[in-house]
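Hi,

Here is the structure I said I would pass on.

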Amino acid sequence: MKRKKLKSISQLKKEADKHFSIFIRRRDRYCVTCGALTAHAGHYISRSWLGLRYNERNVNGQCVRCNIFLKGNMDEYALFLKRKYGPDILEELKKLKVPTQFKRKDFEEIIKKYKEEK
């Protein structure tokens, strides 16, 4: 009997990104910074900070224009976050901006959670 080959960490990360992005775009049908139809899952604090990459408060629906061409439209994004989550949200997110390492199990849990959310 052959054992199934495990996916690499980078493959798991890519799959987690896909399912999380679909969840965000379905949750937020319109751009939180301008109101256009959503096409992206825009991160307030860069997704390079792994601890915030899958944080539902840090990631919200954005249109291509705001997320890419306006580099996140950060002033409007900050105003949106404060209206939705309260005046302390930016400081709360900033505190979570710490080096983080995910293990295989972490990515598998994220995939399972957001695959089920569809």
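This is a predicted model: local features need pLDDT of at least 70, side-chain atom pairs count only at pLDDT 80 or more; totals for chains, interfaces and linings use all residues.

Residues are numbered from 1 along each chain as its sequence is written, and side-chain values use heavy atoms, with hydrogens and water left out.

Searching the whole structure turns up eight aromatic pairs (rings of Phe, Tyr and Trp, its six-membered ring, with centres within 6.5 Å; planes under 30 degrees apart are stacked, over 60 edge-to-face and the rest tilted). The ring centres of Tyr 44 and Tyr 77 are 5.3 Å apart and their planes are at 75°, so this pair is edge-to-face. Tyr 44 sits in the loop between strand S1 (40-43) and helix H2 (50-53), and Tyr 77 in helix H4 (residues 74-85), so the pair ties together parts 33 residues apart in sequence (helices are DSSP runs of H or I, at least four residues, and strands runs of E, at least two, numbered from the N terminus).

Ring pairs also join Phe 20, Phe 23, Tyr 54, Phe 102, Phe 107 and Tyr 114 into a cluster.

Now the helices: the axes of H1 (residues 9-27) and H6 (residues 104-116) come within 9 Å and cross at roughly 25° (axes are lines fitted to C-alpha atoms, for helices over the stretch in contact, and angles run from 0 to 180 degrees between N-to-C directions).

Cheers
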